Amino acid sequence: MFAYLARRVLVMIPTLLAISAIVFTIIQLPPGDFLTTQIAELEAQGERGAAERAQALRAQYHLDKTPVERYGIWLIGLLQGDLGWSFEYDLPVNAVIGDRLLLSFVVGFATVLFTYIVAFPIGIYSATRQYSWGDYGLTLLGFLGLATPSFLLALVMLYLANVWFGTAIGGLMDPEYVDQPMSWGKFLSVLEHLWIPVLVIGTSGTAAMIRRLRANLLDELQKQYVTTARAKGLPPGRALMKYPLRMALNPFIADIGDLLPQMISGAAIVSVVMSLPTNGPMLLSALRSQDMFLAGSFLMIEATLIVIGVFLSDLALAALDPRIRLHGGADK
Amino acid sequence: MNVLRYPPKALIGDYARAAVGLAFTLTPAIALGEWTAAHWVLVPLAGLFAGFALRTFRRGRQRVTWDATGVSLSGPGAARLPWDEMRDFRLAFYATTRDRAGGWMQLKLAGTAGRVRADSSGENFAGLVAAAHAAARARGLVFDPATAENLQAMGIDAGS
């Protein structure tokens, strides 16, 4: 396992380097930059000295250097924990995304927790009681969850939450706590508002997980080793938990790679509809305004989390199910 | 007497990986100078690759021998495991690709006297697995599904 860990980490390093190069290239692709737009606006307003100011700003942010030099400066900054400067907010990127990352993580983590807590018992119930009334009912609910667009559910939930529970529409906290430091009151306000986005963002994922878990578990339960275990008198609960459920969970472990970036991406469209202060809307805004360091930082953080997530899922799979694919081959 | 050892040809890849890993982690750690957030990641990773290099060096000095009575590991981490004291037999496959088509096997044997591990990069690995499997069958050990499938991939029927 130690050798596997070292080999796997070694693969991550060039992968992250390649991703950083691609991210940097992508954020440089659109013609012009944030400063060009800003200077054009100043010139349109007739401000004197706009050209000199543009030159000074370009030198300050290294925009007058070659792309390779700029990439090197950006990469060294990333290693030092300096994500650059946000032109749009006129603040360091670290300061701009700090709170948003935390709130996005809270929403993402709560959504993942909700998905697993709801999907697992239902998936297991549906598989072990296939074609029962309960299975049919839950399958119908699952299909409804899959078929309902998240943004539509968001609009409906916003209305219902306001009419039934009196919860303020939009946002992740009451207006008086916005831009305030974290406090007990703010925390409770976040909790009060959290269930709506969690329900909206988590519904389709939960429905999809129920369907997949049901299908995987049904496959496993029909295998010979389960029949043998039952024939030998193993209690039904143990015959289910010992191997079939573990084997059925393998695809979900492989999906950890997607979970981590989801936790901070903040489901952009739903966040826009619900006015959530998460990363999604800010990334959209940064891409639109060519705020290159802010957009690049978001993309790089998400890509890094994907790489770390895939790494963790590979480690978990190697520990839980170190099996060769039959008809494959082991290198000598 | 049957012997499994790791020829230099089998270890050179791991030495190269350790060297590249150390270069990727130590170079920026030193170049950055004063302690930054990145050092909390780079320094432990450098330790990991240093450990990997040490483990590869140990592998190169180890010999696994077996006969009708048991299996022995000589060199660093020496151990002796008589077959009639073997309590655990696991054959794991560590994939280097997501489709699990490429990778390497690791045999883990454990008993009251100690434990012995061997990788498929060693010469005569198949012979060691066959001998250990026969002993495990004679002891009535139960194989987990992963071990059974890996044995099957090596042409050994776990149930026979």
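**Figure 1. The open sheet of chain B, strand by strand.** In this predicted model, three strands of chain B form an open sheet in the order 5-6-7, and their pairing is antiparallel. Strand 5 and strand 7 (115-119) of chain B take the edge positions with a single partner strand each, so one side of each has no neighbour in the sheet. Averaged over the sheet and ignoring direction, neighbouring strands are turned by 15° against each other.

**Figure 2. A closer look at where strand 6 meets strand 7 in chain B.** These two antiparallel strands of chain B, strand 6 and strand 7, are joined by five bridges. For a landmark, find B:Leu109: its opposite residue is B:Val116, in strand 7 of chain B.

**Figure 3. Two helices of chain B against the sheet.** Helix 3 of chain B, residues 125-139, lies across strand 5, strand 6 and strand 7 of chain B. Relative to strand 5 of chain B, helix 3 runs at about 140°. Helix 4 of chain B also packs on the sheet, where it touches strand 5 and strand 6 of chain B. The direction of helix 4 makes about 70° with that of strand 5 of chain B.

**Figure 4. Where the two domains of chain B touch.** Chain B is divided into domain 1, covering 2-61, and domain 2, covering 63-153. The C-alpha centres of these two domains of chain B lie 26 Å apart. Their contact draws nine residues from domain 1 of chain B and 16 residues from domain 2 of chain B. On the domain 1 side, strand 1 (2-5) and helix 2 of chain B each supply at least two residues. Strand 1 of chain B gives the most to that side, with four residues. By class, this side of domain 1 of chain B has five nonpolar, one polar and three charged residues.

**Figure 5. The contact between chain A and chain B.** Here 26 residues of chain A meet 33 residues of chain B. On the chain B side, two or more residues each come from helix 1 (8-31), helix 2 (39-61), strand 5 (86-95), strand 6 (103-111) and helix 4 (145-153) of chain B. Helix 4 of chain B provides the largest share of that side, six residues. Sorted by class, the side of chain B that touches chain A holds 19 nonpolar, nine polar and five charged residues.

**Figure 6. Chain A, for orientation.** Chain A has 16 helices and two strands. Along the principal axes, the C-alpha atoms of chain A fill a box of roughly 90 × 65 × 35 Å. Of its 332 residues, 29% count as buried in chain A. Among chain A contacts between residues at least 6 apart in sequence, 74% join residues at least 24 apart.

Technical notes
Residues are numbered from 1 along each chain as its sequence is written. Chains are lettered from A and ligands numbered from 1 in the order in which they are written. This is a predicted model: local features need pLDDT of at least 70, side-chain atom pairs count only at pLDDT 80 or more; totals for chains, interfaces and linings use all residues. Two residues are in contact if their C-beta atoms, placed from the backbone, lie within 7 Å. Ala, Val, Leu, Ile, Met, Phe, Trp, Tyr, Cys and Pro count as nonpolar, Asp, Glu, Lys and Arg as charged, and the others, Gly among them, as polar. Domain bounds come from an automatic or database domain assignment. Two strands pair if DSSP finds at least two bridges between them. Axes are lines fitted to C-alpha atoms, for helices over the stretch in contact, and angles run from 0 to 180 degrees between N-to-C directions. A residue is buried if 20 or more other C-beta atoms lie within 10 Å of its own, exposed if 12 or fewer, and partly exposed in between; C-beta atoms are placed from the backbone.
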